Every structure is written in C-alpha cells, then in structure tokens.
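Subject: Structure handover

Dear colleague,

Here is the structure for your files. My notes on it follow below.

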Amino acid sequence: MAAAANQRKKITSFHPPQRVLLGPGPSNINPRVLAAMSLPVIGYLDPIFVEMMEELKTLLRYAFQTDNQLTFPASGPGSVGMESCFVNMVEPGDKVIVGRNGVFGGRMIENVERCGGTPIVVEDTWGEAVDPNKIEDALKKNPGVKVVAFVHAETSTGCASDAKTIAEVAHKHGAMVIVDAVTSLGGSPIKVKEWDLDAVYSGSQKCLSCTPGLSPITFNERAIEFVKNRKTKVQSWFMDLNLILNYWGNTTRTYHHTAPINGLFALHEALLLLKEEGLENSWARHTRHHLALKAGLESMGLKYLVKEENRLPQMNAVYVPEGVKNEAEVRRILLNEFNLEIGAGLGPLAGKIWRVGLMGYSAQSANVMLCLSALGSVLADMGLNVKVGEAEAAAHQSYAAQHAAAAQQMRTTAKKK
Ligand SMILES: *Cc1c(COP(=O)(O)O)cnc(C)c1O
C-alpha cells in the first residue's frame, strides 16, 4: 500500500526545513561554507585543486596543533577516520587496550576485533572519564601492548578524558595511542604535538561545522614508521595509508580514488573560518555559550550527567527531569514546533538524558536562548515547575558576568603594558 502510494506521489526538488541543530552532530553550517561547496567542480588532479589540497593540509595542521606531514582529510565520515587508524595501526595478533566510557569506545573494540587484534577493555562508567591509572594497570598486567585507544571527547555522554596523561602512560610502556578527536577538534583543546599523540582522527560535521562526510586524520613519525614496516598488508585497500599517500602525500599525485572535491572546498572554508577566529577564541566561545546554557538549564532544575571538571562545553548531557513521562515527545515538539534538534541518550542512557550540543557554528547566543525558551516552554506545558523567564535571565546574567570579567582582564593586561 505504502509503496504504491509513494509511486503515485509526484517527486519534486527536495527542500529541507531550516533547523537549529543542537544535537550530537551535524551542527549548523556557516553560509560561507555552503557557498564554497556550491562552486563548480574541477578535476582532482587539476593543479589549482592540488594547490588547495596543500592549503587544506596546512589548515588542518593548525586545527590539530601539529606539524605532522601526514595530516589530511580521509574521504568518509568520522567512522572512516576511526577505521583508517585501526586498520593501519593494528596487525593480526596485536594486543590493544581500549578505554571504554561510552558508545564510541565500544566501536573501537569492534575495530580491533575485525583487524584480528586482541582487545583488552578497560571499562569506566558512562559519564566518567577514562581513568589513566586503570590504563596503566592494564599495561602492567599485559606486557607487549601495541596500542592504547580511547575517545578524547565522548559524544554519547559529554565527557572529556585526559588525552595528554593517557598518552604519557602509554608511551612509558612502549605503546602508541589512537585518539578519537571527532567531537573535540575545534571545540576544546586538543594538542597533537605537545601531547605527543600518535594517530588521531576527527570528523567534519561536529565543531568544524562543515558538511558531513570527511574525516581529518593525522599520524606522527612513530605511527608512520610502524605502518611502513608492518609485517602484513593493511587489510583494507581503500584505507591503506601507504596507497592513499600517493594522492595526498607531498611527492606524488596519482589517482587513488576520486576525492570528494566540493566537500573539500567546504572543509577548506570551514578551516579557514576557524583560523580567522583563532583556535583559542573558538575554544573560549564554546565555553562561553556552554556556561550560559548551563546557567539556564540549572535554573530549570536540570542536572548534568558529567561532573564539572570533565564536562565538554560542546556537548551538554543533562538528565531528563522527573515528571517527564515521555522524553521523546519533548524532542518531537522541539523539532516540529521550534525547528530545534537536541540529542537523545544512547545505550544505557537512552530515555535518561538529553544531549544538547553547542558545536561550531551552532555555538551562538541566539541558539542558547532559543533552546532555553523552547525547552522551558515545553516542560512548563507538561506541568513541570519551570519558569522560562528565569532560565533566560540566568543565561543573560551568565553572559553579562563573563563580559564583565573579560573587560576587567583587558584592563589589567593594558595596565601591564
Ligand atoms: C560522531 C562521532 C563519531 C563518528 O563519526 P561519523 O561521522 O558519524 O561516522 C566517532 N566518534 C565520536 C566521538 C563521535 O562523536
């Protein structure tokens, strides 16, 4: 029946609604990035395109805070970046420690198994950080571990882990690290060189606010040495870095696969926006809007899942308040009546939390205020004791206090000069 009805329906051009995306990604895209994407396609070996590729690599090195030669956007979503790291870094029989504190750690375990490696899983409660002490215990108990893998910013819970310390611990025991920086890149500090991270991947559609489907990755010399000297072939032809580098490397430019050309135009523009704003300013902006949102949500009585020191500004996980019988209904109303998307809980947190993302271009005050007013109204309509005006005022006060503190700091700095 449904299929027949579908066939009768006249198909016209697709026009998606304008949504405010405050979920776990994708985030909203700056119009400059969308404009770049709509420019005419050119060939992937066109010298003008090749020049753009070099700029793209330079901009990515800035975002990752590294001078790693091997830094480029893999053709595919964050999951392709993840898989690229594992298939290149893990050989059959290798022991790999995976710190799991959410959904994406679980996927890392899957990747290790599919590469023929032996995962050693270090569990932490969802909503808590990966514990470097537990990682060290596992390294002591299991000599010869090749890689320690973990998620820097767990999008499923809004929790940050201490990438610098985990990398130190791993290196002390002769292991390399694979770091998931999909949600951290651009939104909160990740310093690949200073923290000595070996293989790191990210995604285009979270805090970089680019079109989905690209995955920046970066490998340091230690990781490259390993990939070059593997005993076995990388089991994935598409993701074998030894082959991809014939296209993305510095010396040769030969066909590997057709690069997603217009997507790369978009990423170039998104990274340029980040460069123009400045990384530190981008991190500070995410924190500023997070603090205002937090003030408003807490004024409504909502509680955060993650303790304060581990919270990601770009991913606010709050418990669904008591009194809400059907949290999916809340999200449905937000989407249909306010064009506002927020995220649901996953796995053991399904039905228990909401995830409010403030990523990249989505991290702006208008969106914070919309979220508080829309969510507050829906909760008040459901009979909860929520005062929308007070939540909005709390957010305004947070912005005002932060502006005052920043102005004070500028005066102090000016005096010192
Ligand atoms: C979104 C996300 C991924 C996967 O990225 P896709 O682009 O959806 O494949 C991996 N890790 C983390 C932490 C993420 O947030």
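Asn-111 is part of helix 5, which runs over residues 103–114. This is a predicted model, and every value in this message was computed from it. Is Asn-111 buried or exposed? Its relative accessibility is 9%, and since buried means under 20%, Asn-111 counts as buried. Apart from neighbours within four places in sequence, Asn-111 is in contact with Met-82, Glu-83 and Phe-86.

Ligand site

- Ser-79 has a polar side-chain atom 2.5 Å from an oxygen atom of the ligand.
- Asp-180 has an N or O atom in its side chain 2.6 Å from a nitrogen atom of the ligand.
- Gln-205 places a polar side-chain atom 2.7 Å from an oxygen atom of the ligand.

On its own, the ligand has 380 Å² of accessible area, and the protein covers 88% of that.

Helix 9

Helix 9 spans residues 241–248, and its residues Leu-241, Ile-244, Tyr-247 and Trp-248 are buried. Viewed down the helix axis, the buried residues fall within an arc of 105°, so they line one face of helix 9. What do the buried residues of helix 9 pack against? Their partners are helix 3 (47–64), strand 2 (70–75), helix 4 (78–89), strand 10 (214–219) and helix 10 (261–277). There is also a contact at the start of helix 9, where a side-chain oxygen of Asp-240 comes to within 2.9 Å of the backbone nitrogen of Asn-242.

A buried loop residue

Val-145 sits in the loop between helix 6 (132–141) and strand 5 (147–151). With a relative accessibility of 5%, Val-145 counts as buried, because the cut-off for buried is under 20%. Leaving out residues up to four places away in sequence, Val-145 touches Lys-95, Val-96, Ile-97, Ile-120, Leu-139, Gly-174 and Ala-175. As for Val-20, this residue is 125 residues from Val-145 in sequence and 44 Å from Val-145 in space, taken C-alpha to C-alpha.

Backbone points

Where is there a cis peptide bond? One joins Gly-25 and Pro-26, with omega at about 5°. Pro-26 is placed in the loop between strand 1 (20–22) and helix 2 (31–37).

Asp-196 has a positive phi, near 55°. Asp-196 belongs to the loop between strand 8 (176–180) and strand 9 (199–201), and its relative accessibility of 29% makes Asp-196 partly exposed. Asn-339 also has a positive phi, near 55°. The loop that holds Asn-339 lies between helix 12 (327–338) and strand 12 (340–344).

Regards

Terms used: Residues numbered from 1 in each chain as written. Predicted model: local features only at pLDDT ≥ 70, side-chain atom pairs only at ≥ 80, totals over all residues. Heavy atoms only, no water. Polar contact = N/O pair within 3.5 Å; in protein donor to acceptor, adjacent residues only side chain to side chain. Areas by Shrake-Rupley, 256 points an atom, 1.4 Å probe, with all protein chains shown as cover. Helix = DSSP H or I, 4+ residues; strand = E, 2+ residues; numbered from the N terminus. Buried < 20%, exposed > 50% of the residue type's maximum accessible area, 1.4 Å probe, protein only. Contact = heavy atoms within 4.5 Å. Arc of directions from axis to C-beta.
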